[in-house]
Amino acid sequence: MKTEIEIIERKGIGHPDTIADNLSEGLSKSLLKEYKTFKHFNVDKTMVCAGEIEKGAFKNPVRIVFAGQYTKVNNIDKILDSVVKDILNFEIKNGLKYKIYNFLNQGSPDLNDIFACKKANDTSFSVGYPETENERLVKKIGEYIDNLHKTDKHIGTDNKVMFVYDGKEKSVYIALAFLDSFKDSKDYFSYKKKLEEKIKTKFKIKEIHINVGDTKDTQFITKTGTSLEMGDSGATGRGNRRNGLITPTKIMTLEAYYGKNPITHIGRTYQDLAIDMAKKKNKHLLLLNKIGGDIKKPMVFELK
């Protein structure tokens, strides 16, 4: 007999992939504000590269690489720095050092023409489906953890929730960056255990495990609250899908959402449309179109 399993992942606000998504989206919004009208851009290729810390100080800064197409503006370097300061405000206050690399380029004439004609900017697909009870649960857990750093001096912004339902039991594995604010490792493990119990009680789940990779010698403790400071890098499109989750046990959208232009790039606009249609019809849907196609006429497929 086939067992129905459900695996759900959610990356938190300080996860390097989420940071990359948010930097792309922050730049998108800044460009729209700067242009004061709609101009062609797709700045969905941001990468954040891990820094290096030695004896509590940055030996090498986090490197932030902005790439993609845009309609050029004169003050782009100022805009990029403002976006970084806004997205990484908490981490910078905790000492994060960074360096920006600008590899944005002017869009090609053919894509600019397609944008001007308001036709589909890419050949792409998007998927929408009604949320399950477990997906709603994972969102609530993730949102709760995302906000802990605002009131808890021990907790950073970087986190990831991995939910597993094997047909019988629900288990949640959480990766959570703590701040370097403990007396010793004993204090850390005691605090982590209390947090596990608190989450179990709050969300009524028996199996909650935080930082299962910890050992007596090494724990997930950071200076700035994110693993981006040393060890982990991120890229736009590797984070949560538009619905706020990653759901590998069902057909889902693969296209990056953040940083794409919200007018003609169907890789973005169809994600919103697919989710909206799926909710209204209570069906699992896939929307598809081709570059140069009529944005208002997607091909619609119902999925099992």
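Me: First, a definition: helices are DSSP runs of H or I with at least four residues, and strands are runs of E with at least two, numbered from the N terminus. With that settled, where does Lys-36 lie?

Reply: Lys-36 sits in the loop between α1 and β2 (41-42). Keep in mind that this is a predicted model.

Me: Is Lys-36 exposed or buried?

Reply: Exposed means over 50% relative accessible area. Lys-36 has 72% relative accessibility, so it counts as exposed. Its backbone deserves a look too. Phi of Lys-36 is positive, about 65 degrees, although the residue is not a glycine.

Me: Which value does phi of Lys-204 take?

Reply: Lys-204 is a residue other than glycine with a positive phi, near 55 degrees. The loop between α6 (185-203) and β11 holds Lys-204. With a relative accessible area of 74%, Lys-204 is exposed.

Me: Let me step back. How many helices and strands are in the protein chain?

Reply: The protein chain has seven helices and 15 strands. The C-alpha trace spans about 65 × 55 × 25 Å along its principal axes.

Me: What share of the 304 residues is buried?

Reply: Buried means under 20% relative accessible area. Buried residues make up 49% of the 304 in the chain. Now take the contacts with a separation of 6 or more. Of these, 70% join residues 24 or more positions apart.

Me: Now a helix. Which residues are buried in α7?

Reply: Start with the general idea. An α-helix has 3.6 residues a turn, so residues three or four places apart point the same way. In α7, the buried residues include Ile-266, Thr-269, Tyr-270, Gln-271, Ala-274, Ile-275, Met-277 and Ala-278. Gly-267 and Arg-268 are buried there as well.

Me: What do the buried residues of α7 pack against?

Reply: They pack against α1 (16-35), β8 (124-128), β14 (284-289) and β15 (299-303).

Me: Next, a loop residue. Why does Thr-253 count as buried?

Reply: Thr-253 has a relative accessible area of 5%, so it is buried. It belongs to the loop between β13 (234-235) and α7 (266-281). Set aside neighbours within four places in sequence, and Thr-253 is in contact with Phe-125, Ser-126, Val-127, Arg-241 and Gln-271. The side chain of Thr-253 reaches the backbone nitrogen of Val-127 at 2.7 Å.

Me: Arg-241 is on that list. Is Arg-241 buried or exposed?

Reply: Arg-241 is buried, because its relative accessible area is 10%. Arg-241 is also placed in the loop between β13 and α7.

Me: Which backbone oxygen does the side chain of Arg-241 reach at 2.4 Å?

Reply: That of Gly-237. Also, a polar atom of the Arg-241 side chain lies 3.0 Å from the backbone oxygen of Leu-254. Apart from neighbours within four places in sequence, the contacts of Arg-241 are Ile-246, Met-252, Thr-253, Leu-254, Glu-255 and Tyr-258. For distance along the chain against distance in space, take Arg-241 and Lys-279. They are 38 residues apart in sequence and 16 Å apart from C-alpha to C-alpha.

Me: How should I read empty space inside a model?

Reply: Rolling a probe the size of a water molecule over the atoms shows where empty space is left. In this structure, a search of the whole model finds one cavity of 30 Å³ or more. The volume of the largest cavity is about 50 Å³.

Me: Which residues line the largest cavity?

Reply: Arg-241 turns up again here, among the lining residues. Others in the lining include Asp-21, Thr-236, Gly-237, Asn-240, Arg-242, Glu-255, Tyr-258 and Gln-271. By type, the lining divides into three nonpolar, four polar and four charged residues.

Technical notes: Residues are numbered from 1 along each chain as its sequence is written. This is a predicted model: local features need pLDDT of at least 70, side-chain atom pairs count only at pLDDT 80 or more; totals for chains, interfaces and linings use all residues. Side-chain values use heavy atoms; hydrogens and water are left out. On a 1 Å grid over the protein atoms alone, a cavity is a set of points where a 1.4 Å probe fits but cannot get out, and a pocket is an open set with protein on both sides within 12 Å along at least five of seven lines; lining residues have an atom within 4 Å of a point. Grid points are joined across faces, edges and corners, and a volume is the space filled by probe spheres set on the points. Ala, Val, Leu, Ile, Met, Phe, Trp, Tyr, Cys and Pro count as nonpolar, Asp, Glu, Lys and Arg as charged, and the others, Gly among them, as polar. Buried means under 20% relative accessible area, exposed over 50%, partly exposed in between (1.4 Å probe, protein chains only). A polar contact is a pair of N or O atoms within 3.5 Å; within protein, one must be able to donate a hydrogen and the other to accept it, and residues adjacent in sequence count only if both atoms are side-chain atoms. Contact means heavy atoms within 4.5 Å.
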